Number of protein chains: 2
Amino acid sequence: MDINHTKIATADMESLHRIFTVAEAPDSTLGKIEKDISENLAGFLNEHIVAREIPLSEIERDFNHAHLPEEPTFVSEHTKFLLDKLVAHSVHTAAPSFIGHMTSALPYFMLPLSKIMIALNQNLVKIETSKAFTPLERQVIGMMHHLVYAESDAFYQDFMHSESDSLGAFCSGGTVANISALWVARNNELKASGDFKGVNNSGLYRGLKHYGYDGLAILVSTRGHYSLAKAADILGLGRDDVVAVPVDGEHKVLVDEMKLKANQLKQQNIKVMAIVGVAGTTETGNVDPLNDLADLAAELDCHFHVDAAWGGATLFSEKHKSLLKGIERADSVTIDAHKQMYVPMGAGLVLFKSPRLASEIEHHAEYVLRKGSKDLGSHTLEGSRPGMAMLVYSALNVLGRKGYELLIDRSIEQAAYFANLIQNNADFELVSQPELCILTYRFVPKQIKQLLKQATPKQALLINEHLDDLTQFIQKSQREAGKSFVSRTRINCARYDNQVITVFRVVLANPLTTQQILQEMLEEQVCLANKSQIALPELIRILES
Amino acid sequence: MDINHTKIATADMESLHRIFTVAEAPDSTLGKIEKDISENLAGFLNEHIVAREIPLSEIERDFNHAHLPEEPTFVSEHTKFLLDKLVAHSVHTAAPSFIGHMTSALPYFMLPLSKIMIALNQNLVKIETSKAFTPLERQVIGMMHHLVYAESDAFYQDFMHSESDSLGAFCSGGTVANISALWVARNNELKASGDFKGVNNSGLYRGLKHYGYDGLAILVSTRGHYSLAKAADILGLGRDDVVAVPVDGEHKVLVDEMKLKANQLKQQNIKVMAIVGVAGTTETGNVDPLNDLADLAAELDCHFHVDAAWGGATLFSEKHKSLLKGIERADSVTIDAHKQMYVPMGAGLVLFKSPRLASEIEHHAEYVLRKGSKDLGSHTLEGSRPGMAMLVYSALNVLGRKGYELLIDRSIEQAAYFANLIQNNADFELVSQPELCILTYRFVPKQIKQLLKQATPKQALLINEHLDDLTQFIQKSQREAGKSFVSRTRINCARYDNQVITVFRVVLANPLTTQQILQEMLEEQVCLANKSQIALPELIRILES
């Protein structure tokens with residue numbers, strides 16, 4: 001091969017060199033924006049993010065070319081495009097009136113620290129590309145393990161930095177955490193025995209044959225997160241093998257019903273591989289009776305996983321942590337740091353009670369993850385991973401347990417306040433009472449409320465169907481107007497004979513959300529309802545006739 | 001419930017409010033650091049990252065407490081700790097002499113743009129938390145799809161923003177991309193038919209029974225990435241169902257051997273569900289004969305996946321893209337943007353040739369991903385995800401195809417230069433010739449080289465074992481000294497009767513790596529070899545006797 005190093009023009013090489021070494025000048029467009037964000041994040045966000053009433057199809061027009069740009073673009077020019085076309089049409093997730101999803105404001109120190117993290121560009125899969133980040137991540141996992149399981153100091157001395165053990169794994173989010181936990185559960189259930197080399201080596205088909213089962217199942221309440229069905233699909237179980245167990249009026253799983261299902265499955269020769277308790281359901285924020293579930297798991301001799309992606313942070317609060325009693329008996333626990341731990345998107349965690357459990361998913365390679373190495377990648381679903389653990393570490397240190405406690409207590413109080421506000425308003429109906437800081441409700445004008453009370457089941461069904469349309473109309477209109485945002489979902493409602501109804505869903509985790517904002521939220525919804533095409537007086541007439 | 005909003009002290013609430021709104025003062029510790037990074041990244045990295053010779057056990061001492069800190073810490077104080085204990089002991093992945101792994105330098109504009117991305121804190125799982133980021137991500141997927149498949153403009157108009165179709169998925173990295181691709185392949189292989197509701201709903205056990213197979217298999221070369229075995233495990237196939245096919249002297253899969261294996265599996269009633277071509281093997285950077293593999297996949301009627309996590313970016317180069325000829329026939333392709341696309345860690349991509357393929361893994365929920373929505377989360381393995389697509393978008397625009405071409409061409413030339421340097425040095429042996437910018441080599445003093453030439457196979461085995469120890473010693477010493485870094489791996493070597501030997505592995509993707517650095521690399525290795533306990537003269541005596 002002919003090697004001619006000057007083939008690439010020197011001028012090109014120089015500009016290439018610059019792009020990797022010379023930072024943006026402070027007075028350039030990007031430099032100014034950066035300074036803006038650094039000095040005044042709230043100002044930057046307010047100025048540049050206006051959830052303008054603009055249809056998606058219009059935004060799509062700006063992102064419509066499938067051809068790669070041939071030529072380079074000046075950074076400043078590109079940044080201007082981003083500000084006008086991307087940032088301006090982003091969702092202001094940090095806005096105090098954005099209370100519809102689990103993404104909220106970030107503490108300001110997250111931004112400069114994120115920049116350090118990104119500048120370091122560590123890869124946590126192996127020590128050779130992370131060094132100090134590896135012990136740091138292990139410590140964060142250890143701290144979170146301690147928060148849940150509170151084992152002895154000796155335990156953490158033995159296992160936190162042990163190369164052959166794992167107290168958990170960092171990942172991009174709750175879904176991967178749940179998949180990881182159930183992967184471990186499956187491999188542990190069908191582990192190597194006799195001439196069977198384990199499901200990890202020989203697969204599910206041979207595993208079930210070896211153990212003589214006709215299937216595996218996962219039991220969880222009807223309020224379980226959709227990632228569990230996805231996990232079952234990926235793991236080869238099938239979505240139908242996630243058996244949904246009914247909940248009580250407070251959206252908590254009925255443990256007796258779960259036991260009944262387990263027994264039915266046993267009759268069908270299907271092994272319950274795991275039961276899942278939810279600690280903070282996505283839609284209503286309720287916590288399953290974890291202690292009872294732990295008892296049941298012991299009885300069924302199966303894995304007990306707790307999906308605390310949302311509610312796990314409640315453990316920071318002395319006042320409220322008892323809501324999660326029993327979580328310390330779980331074999332695995334999912335917690336999302338990018339939810340109630342106020343870390344930027346992309347920080348999930350799964351914790352394992354037993355340091356040996358993750359060995360069921362251990363893997364090695366020749367150039368990394370060699371046996372005996374402390375490379376974190378030998379026990380994770382993901383391969384290359386960024387150093388997000390640093391941000392969790394910083395949040396834990398800067399806020400401290402007491403800082404988190406303040407945030408959690410405040411959110412729960414705020415939800416109780418809003419629930420009270422809704423209940424005291426004649427034109428609204430609180431559908432689910434908040435246990436953590438999530439609640440659901442809907443707009444039901446007082447005449448309709450009256451009618452619903454007297455309605456036959458058939459009439460109630462009809463009224464609720466109209467109310468569903470109304471709720472959807474209000475939610476969409478409010479979202480499009482862009483001043484404030486609640487989400488919507490459909491849940492079965494004990495009050496209406498378990499009819500599935502559409503409701504507003506509110507997540508009150510942003511510490512900047514004031515009581516006034518909540519009052520205005522209801523006022524805006526009343527206004528929007530009045531604009532609706534769904535003619536309520538007419539509905540009343542039909543029902544009364 | 002008694003609601004007393006003043007329960008949390010006002011002073012606490014104020015400091016809480018501050019932490020979410022008030023940015024760090026420019027003259028604070030963190031403010032200064034941030035300014036430092038903004039204005040002079042290279043300076044910051046050089047000053048703060050010194051890969052000091054410090055054992056891991058010593059670093060672990062700084063990250064040894066499993067108890068959460070109770071009290072908050074001042075941000076400045078915490079930042080100082082991070083600089084001293086974390087940043088100072090991180091790996092300088094951007095250093096021009098760090099040429100051992102696939103993580104390298106970042107263009108400077110990535111840092112301020114990352115900060116905008118993190119400040120926006122979008123969640124790409126659904127439009128309600130991402131809005132303009134969703135069309136942007138779809139466009140980036142479209143552009144990368146076009147790079148690989150070059151379909152017509154009409155095709156992209158139809159499918160790029162279509163709610164029911166998907167040209168691919170963003171994810172945290174190549175491992176998740178590979179798992180996603182094989183998940184799609186598995187579900188497509190065992191799709192619903194007759195009374196069988198599909199493997200996604202009914203699981204692998206019932207799927208195999210329905211289709212009458214005794215198993216599924218994935219075929220890939222012995223050089224395939226370890227994530228493929230992990231994928232097989234997760235998907236319920238078992239690691240043994242990834243059948244490793246031998247390679248030729250250039251580390252390219254022997255297609256005839258693969259065909260032979262496939263026929264053997266057919267005899268055992270095992271269906272080949274996918275064959276995988278590698279476009280840039282992790283250890284040697286070689287590309288499989290993709291066109292021949294596409295032919296074989298057609299013959300076997302199975303999914304054809306190309307793992308181009310590393311090599312995909314070669315398609316930017318007019319000069320070298322023909323190396324990947326046949327990739328446009330793949331059903332799915334993995335490309336990592338955080339590798340040769342110089343985007344920060346956490347940006348992987350899987351692309352699907354057919355817009356309908358991903359429907360096999362489609363899922364919905366009541367509060368998000370509703371049918372008919374354009375929420376990206378309905379076709380991804382992960383749930384909540386950050387807006388990393390923005391950084392890929394910016395890189396594509398700022399660098400342009402021609403900018404990437406320059407980088408790719410330069411890397412390949414640099415590897416050819418280094419290979420030449422090694423071959424012209426009497427004391428080194430080039431083990432794998434670079435095809436892209438990865439090569440392997442080892443230190444073999446010229447007397448030993450001479451001996452190896454004359455040695456019997458048994459003698460060669462013995463010599464190579466000693467050389468393995470020497471290679472390992474040099475690599476470890478060099479890593480610990482911290483001036484420069486190559487990785488090491490073990491590969492089978494055609495020259496020595498396919499004996500598995502330990503080699504240095506070099507990845508030449510950092511545009512700041514100079515020829516001088518490469519010359520010094522060899523000089524340092526010679527010095528380190530001289531310090532080795534492995535007495536070469538003695539070895540020579542033994543063998544000569």
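This is a predicted model: local features need pLDDT of at least 70, side-chain atom pairs count only at pLDDT 80 or more; totals for chains, interfaces and linings use all residues.
F428(B) sits in strand β8, and β8(B) and β9(B), residues 438-443, run antiparallel, with four bridges joining them. Zooming out, these two belong to an open sheet of four strands in chain B, in the order β8-β9-β11-β10, paired antiparallel. Which strands stand at the edges? Those are β8, residues 428-432, and β10, residues 487-493; each has a single partner strand, so one side of each has no neighbour in the sheet. From one strand to the next, the twist averages 45°. As a reminder, strands in a sheet pair through backbone hydrogen bonds, and that can be parallel or antiparallel.

Now, what lies across this sheet? Helix α16 of chain B, residues 457-481, lies across β9, β10 and β11, and the helix runs at about 30° to β11(B).

Staying in chain B, let's look at a helix pair. Helix α7, residues 133-149, packs against α14(B) with the axes 9 Å apart and an angle of about 55°. The two helices are therefore oblique to each other, and the crossing is left-handed. On the α7(B) side you'll find F133(B), L136(B), E137(B), V140(B) and M143(B), and they meet A389(B), M390(B), V392(B), Y393(B) and L396(B) of α14(B). By type, that contact is nine nonpolar residues, no polar ones and one charged.

Over in chain A there's another pair to show you. Helix α9, residues 174-189, and helix α11, residues 226-234, have axes that come within 9 Å and cross at roughly 50°. That angle makes α9(A) oblique to α11(A), and here the crossing is right-handed. From α9(A) we have G174(A), T175(A), N178(A), I179(A) and L182(A), facing S227(A), L228(A), K230(A), A231(A) and I234(A) from α11(A).

Last stop, the two chains together. How many residues does each chain put into the contact? Chain B gives 154 and chain A gives 156. On the chain B side, the largest share comes from α14(B), residues 389-423, with 18 residues. The chain B side as a whole divides into 73 nonpolar, 50 polar and 31 charged residues.

Terms used. Residues are numbered from 1 along each chain as its sequence is written. Chains are lettered from A and ligands numbered from 1 in the order in which they are written. Axes are lines fitted to C-alpha atoms, for helices over the stretch in contact, and angles run from 0 to 180 degrees between N-to-C directions. Angles under 35 degrees count as roughly parallel, over 145 as roughly antiparallel, 65 to 115 as roughly perpendicular and the rest as oblique. A crossing is left-handed if the near helix is turned anticlockwise from the far one by less than a right angle, and right-handed if clockwise. Two residues are in contact if their C-beta atoms, placed from the backbone, lie within 7 Å. Two strands pair if DSSP finds at least two bridges between them. Ala, Val, Leu, Ile, Met, Phe, Trp, Tyr, Cys and Pro count as nonpolar, Asp, Glu, Lys and Arg as charged, and the others, Gly among them, as polar.
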